Amino acid sequence: MNLEHILFSIEAGVAILSLNRPEQLNSFNARMHGEVQEVLKRVRRDAEVRVLLLTGEGRGFCAGQDLADRNVTPGAAAPDLGESIEKFYNPLIRALRDLPLPVICAVNGVAAGAGANIPLACDLVLAARSASFIQAFCKIGLLPDSGGTWTLPRHVGMARAKALSLLGGRLCAEQAEQWGLIYRVVDDADLREEALKLARHLATQPTYGLALIKRSLNASLNNSLDEQLDLERDLQRLAGHSEDYREGVSAFLEKRTPTFKGR
Ligand code: T3D
């Protein structure tokens with residue numbers, strides 16, 4: 001597929017997907033959704049890819065849906081936003097969350113609407129100090145989507161989730177870090193390098209084991225302790241059959257650095 005609205009590269013196990021409609025603050029149109037979906041399918045298929053880094057070009061990370069793509073002139077039929085969510089946003093969130101490898105999101109600037117919730121479907125979120133998160137939906141008569149009504153109360157508690165969603169205020173990156181919405185704030189100039197450093201490290205680690213960690217922690221948000229203990233048992237059984245487990249234990253016993261293959 002010819003990529004018009006995103007940049008994509010793979011180097012040493014690190015796939016980098018950068019949203020690239022900077023004049024529109026990387027807001028999503030159908031074409032960009034299609035490209036992102038294609039690339040995520042490729043990342044999932046390619047055993048060489050061991051970590052995904054998601055970011056944006058220009059001064060914004062993503063302003064959610066491209067509102068210029070919506071015909072709201074008087075008399076025009078109402079767009080079926082449910083269809084848009086079903087076709088585009090829900091598959092994107094599921095794809096990121098279910099990807100069996102770590103997904104890093106480097107939020108390089110303002111993240112609004114769906115753009116504020118996409119990072120919350122990723123595993124490690126770094127944000128530039130100047131970045132901000134805006135649940136902009138309430139300002140145009142919509143509700144948070146892209147999993148926002150699920151992730152927000154779990155990350156920051158119901159009181160803050162409601163304030164963010166009902167008021168649509170701008171949450172600065174430092175506050176987002178303090179509230180536990182994201183992992184870490186870094187200086188703007190260091191964002192890309194810090195995210196790459198993290199990605200390069202993760203690309204050398206036991207990818208299959210990391211995927212099981214991701215799966216178990218994601219599941220824990222809905223499970224009882226009993227269910228989670230059972231899941232840990234089942235996933236640890238799978239982990240114990242991996243080549244990387246063998247390598248990790250051997251390297252420890254032989255007092256050398258392990259070489260993980262990701263399987
Ligand atoms: O429709 C469906 O499929 C349902 C699903 C919906 C998911 C959603 O994401 S709904 C929410 C959509 N997003 C928004 O409501 C956010 C709209 N944008 C903003 O509120 C502001 O742009 C920001 C707070 C993000 C940034 O403000 P600021 O002052 O830094 O920048 P700006 O001047 O507003 O924007 C810069 C340019 O980007 C500007 O274009 P121009 O005037 O320079 O030609 C602006 O129109 C454009 N832009 C920003 N956001 C969008 C956008 N263009 C289209 N769609 C956008 N969402």
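Predicted model: local features only at pLDDT ≥ 70, side-chain atom pairs only at ≥ 80, totals over all residues.
Just after helix 4, Gly157 takes a positive phi of about 90°. Helix 4 itself covers residues 148–156, and its buried residues are Gly148, Thr151, Leu152 and Val156. Seen down the helix axis, these buried residues fall within an arc of 100°, so they line one face of helix 4. As for what sits against them, the buried residues of helix 4 pack against helix 3 (114–117) and helix 5 (158–167).

In general, strands of a sheet pair through backbone hydrogen bonds, either parallel or antiparallel. Strand 1 and strand 2 run antiparallel and are joined by 6 bridges. Within that pairing, Ile10 has Ala15 of strand 2 as its bridge partner. The two strands form a hairpin with 2 residues between them, and there Ala12 takes a positive phi near 50°. On to the next pairing: strand 2 and strand 3 run parallel, again with 6 bridges joining them. Here the bridge partner of Leu19 is Gly56 in strand 3. Further along the sheet, strand 5 (residues 103–107) pairs with strand 7 (residues 124–128) in the parallel sense, over 4 bridges. Ile104 stands opposite Leu124 of strand 7.

Of its 6 residues, 6 are buried, so strand 2 is largely enclosed by the rest of the structure. Both of its faces are covered: Val14, Ile16 and Ser18 are buried on one side, and Ala15, Leu17 and Leu19 are buried on the other.

What about cysteines? The count of disulfides comes to 0. Cys105 is in no disulfide, and the nearest cysteine sulfur, that of Cys122, is 4.4 Å away. Cys122 is likewise in no disulfide, with the sulfur of Cys105 as its nearest cysteine sulfur at 4.4 Å. The cut-off that matters here is 2.5 Å between the sulfur atoms. Cys105 counts as buried because its relative accessibility is 0%. Cys122 counts as buried too, at 9% relative accessibility.

Aromatic rings give another link to follow. The structure holds 1 aromatic pair, formed by Phe28 and Tyr89. A pair of this kind is described by the distance of the centres and the angle of the planes. For Phe28 and Tyr89 the centres are 6.1 Å apart and the planes make 70°, an edge-to-face arrangement. The pair ties together distant parts of the chain: Phe28 is in the loop between strand 2 and helix 1, while Tyr89 is in helix 2 (residues 81–98), 61 residues away. Both Phe28 and Tyr89 are buried.

Thr73 has its place in the loop between strand 4 (60–62) and helix 2. With a relative accessible area of 47%, Thr73 is partly exposed, because that label covers values between 20% and 50%. Thr73 and Leu164 are 91 residues apart in sequence, and their C-alpha atoms are 29 Å apart in space. Ser216, on the other hand, is found in helix 8 (residues 207–220). Ser216 is buried, with a relative accessible area of 14%. Leaving aside residues up to four places away in sequence, Ser216 touches Gln228, Leu231 and Leu235.

Terms used. Residues numbered from 1 in each chain as written. Heavy atoms only, no water. Pairing = 2+ DSSP bridges. Buried < 20%, exposed > 50% of the residue type's maximum accessible area, 1.4 Å probe, protein only. Phe/Tyr/Trp six-rings, centres within 6.5 Å; stacked < 30°, edge-to-face > 60°. Arc of directions from axis to C-beta. Contact = heavy atoms within 4.5 Å.
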